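This briefing is meant for a reader who is meeting the structure for the first time. Please look over the sequence and the model before going on to the points that follow.

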Amino acid sequence: MNGSGTAPAVPRPAYRRLSVEQRRSQLLAAALGLFAQRAPEDVSLDDVATAAEVSRPLVYRYFPGGKQQLYEAARRSAADELEQCFAEPETGPLTQRLGHALDRYLAFVDQHDAGFSALLQGGSVVETSRTSAIVDEVRRAAAAQILRHVGEPEPGPRLRMTVRMWITAVEAASLIWLDEDKQPPLDELRDWLVDHFVALLTATAARDPQTARVTAAALRRETAQGPAGDLARRVLPLVSEAVHLL
């Protein structure tokens with residue numbers, strides 16, 4: 001109580017003045033976090049406002065289309081970042097380029113785990129053809145970048161399928177990694193996924209002449225000290241155990 005017998009006023013937290021882009025990013029980050037934890041139909045604009053510590057009218061000011069517009073914008077924001085992860089200069093061995101791309105991709109997963117989960121989350125009644133297309137666009141962009149690095153301008157169905165299978169494996173491994181409390185360490189996960197790509201490419205090369213040609217060309221650019229050389233040294237002893245199959 002103060003001298004007049006009334007309780008002192010509780011000071012209100014200072015209102016943060018953000019730029020339009022900063023405020024929009026704040027709302028999208030809050031929405032992605034909620035959409036990763038709950039089905040979009042179970043998330044209200046009041047929930048987003050509370051998570052972002054703003055008023056409900058402010059959310060409507062930025063997203064007058066309501067929750068559907070916010071949901072699509074949140075997924076689009078995450079997708080735009082992920083699409084940039086696979087952009088890599090066409091220099092150096094293929095495994096080195098993949099490693100650099102995976103470093104960026106997995107860093108996004110690590111830093112925006114809720115956003116990554118929300119982007120890939122499917123099956124919601126709020127899903128539309130547009131929101132599904134957002135995820136497919138990321139996968140297509142990643143596949144196009146990888147095929148460019150492989151050096152085949154007109155990939156056949158087996159080579160395309162191999163690349164798409166690997167992208168699916170990377171997505172699945174990333175989600176499992178989040179479930180497993182982010183284990184193994186990121187550098188081990190990256191190296192493991194690069195090994196998987198080399199193994200998939202090699203397995204397809206045994207059945208497809210086009211993949212065999214691009215795989216041979218890629219392996220010629222690898223070094224003994226690089227990921228492909230390390231993989232060869234670890235795999236060859238295992239393969240020698242199958243010599244009786246020849």
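Leaving aside its neighbours within four places in sequence, which residues is His149 in contact with? In this predicted model, those residues are Phe86, Glu88, Pro89, Glu90, Leu94, Arg97 and Arg221.

**Overall architecture**

- The protein is built from 11 helices and 0 strands, and its pattern along the sequence accordingly reads α-α-α-α-α-α-α-α-α-α-α.
- Of its 246 residues, 41% count as buried, while the protein exposes about 14,100 Å², of which carbon and sulfur atoms supply 56%.
- When contacts between residues at least 6 apart in sequence are considered, 68% of them join residues at least 24 apart.

**His149 and its surroundings**

- His149 is part of helix 7, and its relative accessibility of 6% places it among the buried residues, for which the cut-off is under 20%.
- Its side chain makes a polar contact with the side chain of Arg97, at 3.1 Å.
- Glu88, one of the residues in contact with His149, is itself buried at 13% relative accessibility, and it also takes part in a salt bridge with Arg104.

**Salt bridges between separate parts of the chain**

- Side chains of opposite charge can pair when their charged atoms come close, and the count for this protein comes to 16 salt bridges.
- In the pair formed by Arg104 and Glu88, the closest N and O atoms are 2.8 Å apart.
- Arg213 forms a salt bridge with Glu152, with 3.0 Å between the closest N and O atoms. Because Arg213 belongs to helix 10 (residues 209–220) and Glu152 to the loop between helix 7 and helix 8 (157–179), the pair ties together parts that are 61 residues apart in sequence.
- Glu152 is buried, with a relative accessible area of 12%.

- The side chains of Arg139 and Asp136 meet in a salt bridge at 3.4 Å, N to O, and both residues lie in helix 7 (residues 129–150), where they are 3 residues apart, about one turn of the helix.
- Both partners are partly exposed, with a relative accessibility of 31% for Arg139 and 34% for Asp136.
- Arg76, Asp80, Glu83 and Glu137 are linked with one another in a network of salt bridges.

- Helix 10, which carries Arg213, has 12 residues and reaches 17 Å from its first C-alpha to its last, close to the 16 Å expected at 1.5 Å a residue.
- Its buried residues are Gln210, Thr211, Val214, Thr215 and Ala218. These residues cover an arc of only 125° around the axis, and they therefore sit on the same side of helix 10.
- On the other side of helix 10, Pro209 and Arg220 are exposed.

Methods. Residues numbered from 1 in each chain as written. Predicted model: local features only at pLDDT ≥ 70, side-chain atom pairs only at ≥ 80, totals over all residues. Heavy atoms only, no water. Helix = DSSP H or I, 4+ residues; strand = E, 2+ residues; numbered from the N terminus. Buried < 20%, exposed > 50% of the residue type's maximum accessible area, 1.4 Å probe, protein only. Contact = heavy atoms within 4.5 Å. Areas by Shrake-Rupley, 256 points an atom, 1.4 Å probe, with all protein chains shown as cover. Salt bridge = Lys/Arg side-chain N within 4 Å of Asp/Glu carboxyl O. Expected span 1.5 Å × (residues − 1). Arc of directions from axis to C-beta. Polar contact = N/O pair within 3.5 Å; in protein donor to acceptor, adjacent residues only side chain to side chain.
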